[in-house]
There are 2 protein chains.
Amino acid sequence: MLAAPLDDVDAAALAKGFAALADPARLRLLSLIAAQEAGEVCACDLVEPLGKSQPTVSHHLKVLREAGLVVGERRGTWVWYRVVPTMLEQLRDSLAATGSRLAPHPTAR
Amino acid sequence: MLAAPLDDVDAAALAKGFAALADPARLRLLSLIAAQEAGEVCACDLVEPLGKSQPTVSHHLKVLREAGLVVGERRGTWVWYRVVPTMLEQLRDSLAATGSRLAPHPTAR
DNA sequence: CTCTGACATCGACATACGTCGATATCTTGC
DNA sequence: GCAAGATATCGACGTATGTCGATGTCAGAG
């Protein structure tokens, strides 16, 4: 992203992705899910550690889901969430195209 | 960030950083500044390519500045902006601590 | 000192967002 | 089918955010 100016479309798409990360509750949710040994968590185990109401947690999970950052799989009564690395890497890479012009060593003379 | 659950403080700090990136206009501004050969741009050259009013551009530049993503240096009549790689790397790395549990290969048995 | 031009700030507006309580939906066990 | 529990959706509320026109501030030219 930082190599050439982005057009409105790409910028909007990226911005939508970052917007999903622009909330403390969602970042904590994401880290809670990612920190699981099993790689997945029951949604019921996310409400109490987050300290928010169940509807609020459900709302944030939806935002993360729609951003493609997590997926929820229903197994019986519960829904198990796990992180999808793809979108995360995509956002990370968009910040990483930081070419020579950004480095402390201008490279060019 | 994805190795262990973050506390409220870290989550809030990170969220503030991502919030600065969660807008198409700011992403385009950032990419416009980063794409400069000279490594810096006059603010006056950012208004027209962005297609927004001068106050709006100034506002977004302020947000980027307060997020530590760019710096503006006054030289005479004009202010020259350049990207600060530090914060960018910090945000990128927070998305990169994606340990074994996120990879397609669970590693742990 | 005054004028001009670049940039920042202010005030106002519409919209988007986070949060919660109440309620709906769905799944299981009886 | 019915009751119980887990999630999701809805409606409402306060607050934050993007945008602009008008205005303020500051540096250089004359």
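The contact between the two protein chains of this predicted model takes 37 residues from chain B and 37 residues from chain A, where two residues are in contact if their C-beta atoms, placed from the backbone, lie within 7 Å. On the side of chain B that touches chain A, helix 1, helix 2 and helix 5 (85–94) of chain B each supply at least two residues, and the largest share, 8 residues, comes from helix 1 of chain B. Helices (H or I, at least four residues) and strands (E, at least two) are DSSP runs, numbered from the N terminus. The residues on this side of chain B divide into 28 nonpolar, 4 polar and 5 charged; here Ala, Val, Leu, Ile, Met, Phe, Trp, Tyr, Cys and Pro count as nonpolar, Asp, Glu, Lys and Arg as charged, and the others, Gly among them, as polar.

Residues are numbered from 1 along each chain as its sequence is written, while chains are lettered from A and ligands numbered from 1 in the order in which they are written. Because the model is predicted, local features need pLDDT of at least 70 and side-chain atom pairs count only at pLDDT 80 or more, whereas totals for chains, interfaces and linings use all residues.

Two helices can be set side by side, with the expected span taken as 1.5 Å times one less than the number of residues.

| Helix | Residues | Span, first to last C-alpha | Expected span |
|---|---|---|---|
| Helix 1 of chain A | 14 residues | 20 Å | 20 Å |
| Helix 4 of chain B | 13 residues | 18 Å | 18 Å |

A residue is buried if 20 or more other C-beta atoms lie within 10 Å of its own, exposed if 12 or fewer, and partly exposed in between, with C-beta atoms placed from the backbone. In helix 1 of chain A, the buried residues are Ala11(A), Leu14(A), Ala15(A), Gly17(A), Phe18(A), Ala20(A) and Leu21(A), and what covers them includes helix 1 (8–21) and helix 2 (24–34) of chain B as well as helix 2 (24–34), helix 4 and helix 5 (85–94) of chain A.

In helix 4 of chain B, Val57(B), His60(B), Leu61(B) and Leu64(B) are buried. Seen down the axis of this helix, its buried residues fall within an arc of 100 degrees, so they line one face of the helix; the arc is that of the directions from the helix axis to the C-beta atoms. On the other side of helix 4 of chain B, Pro55(B), Lys62(B) and Glu66(B) are exposed.
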